[in-house]
Amino acid sequence: MPSRTQLERVEEARRDLHYRTLSKLDGDFAGLVYLASTRDYNTGQYVHDGLAAHFTEPIAEQVLAAAHQELFKQLALSPLRVLANEIEYYIRSTDGNFNEVITNWKMLQPYRMLAPTRCDQLLVELFISNIKIALAIVGTDQADDR
Amino acid sequence: MSQILGFLAISMLLIAVLFFLLYRTGALSKEVPGVSDEAFSVPQVVDDSLKQLSERIFGSDDWEFVQSHASAASRHLFLKERRRLAHAWLFRVQRDARCVMRAHRLAAANMERLRPSLEIQLGVGYLVILMSCKLLAGLISLVGPTGVHRVVASLTDLSARLRGMAEIELNVQEFSAMSASRRAR
């Protein structure tokens, strides 16, 4: 069982991740992309040098994995309207051409890498399905605007 | 056309039976001596996950958004995707019910004394879940996921109740075994 000090350190690391990094990103979808990118796709382990240096590697990994799971669940279960807005906001915040990004996302489906390693499979399916629909809606809106 | 009407009539009848059995199951559950209503609750993780997913998959707010903001192609994509997810959700409910019954059968093999009323409730609940899933699968194909939202909510509750009843039976038996071993000492 983790000691009280250990739990306090984990909580401190969680707050550190939230205030120093996640709160400075443009929206929840950007946060999800960031958290997924801290995972090594070969080992499935989360790596964050800053957190690991301040705390420990196991604490950094635990906090990143928990934050990833939480944010993923929140976005996967959010209304389609919210998800569509998040995706549009995220794509507009990137440097790429809006339509090109949409086309590439539809073709390459990079959003499949955003799901946490240990996650309810049906929740993952819902998330992927909602992103497909959101991309169709956002892409159509953009075409209509032109 | 007459076939569809016949199918709908059978569906309505089965739904009525489902609600009747749900009511009966709920009423009977309270007859287990020494067990409070709270004890029939299901582990929060399982319950929440199925319920939250059902609210998103079968709820109408996403469909309303799509109807007002999306093209015909996007609406078609939405309906296709939600039907697929709805069937996956039904598959999950059936799988969970089978797991609960399998675990209960394994546990029951080692129980000294079974409660016939609870065994009947479990059996009826299990059959109602399986029948409802088959029925819902047909209805989803006909009217889409949003048209069956209320039945799905009842099915989620029944699924949770089935798991709760199986757990209660297990806990009561464990408690009895513990008491018996204490008395023996």
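Between chain A and chain B, 8 residue pairs are in polar contact, both residues at pLDDT 80 or more (a pair of N or O atoms within 3.5 Å; within protein, one must be able to donate a hydrogen and the other to accept it, and residues adjacent in sequence count only if both atoms are side-chain atoms). The model is a predicted one, with local features needing pLDDT of at least 70, side-chain atom pairs counting only at pLDDT 80 or more, and totals for chains, interfaces and linings using all residues. Residues are numbered from 1 along each chain as its sequence is written, chains are lettered from A and ligands numbered from 1 in the order in which they are written, and side-chain values use heavy atoms, with hydrogens and water left out.

The rule also picks up 3 salt bridges across this interface (a side-chain nitrogen of Lys or Arg within 4 Å of a carboxyl oxygen of Asp or Glu). Lys132(A) and Glu81(B) pair up in a salt bridge, at 3.9 Å from N to O.

Overall, 22 residues of chain A are in contact with 21 of chain B (heavy atoms within 4.5 Å).

As for helix pairs, the axes of α5 (residues 80-93) of chain A and α3 (residues 61-69) of chain B come within 8 Å and cross at roughly 55 degrees (axes are lines fitted to C-alpha atoms, for helices over the stretch in contact, with angles from 0 to 180 degrees between N-to-C directions). Here Leu80(A), Arg81(A) and Ala84(A) meet Asp62(B), Phe65(B) and Val66(B).

Key
Helices (H or I, at least four residues) and strands (E, at least two) are DSSP runs, numbered from the N terminus.
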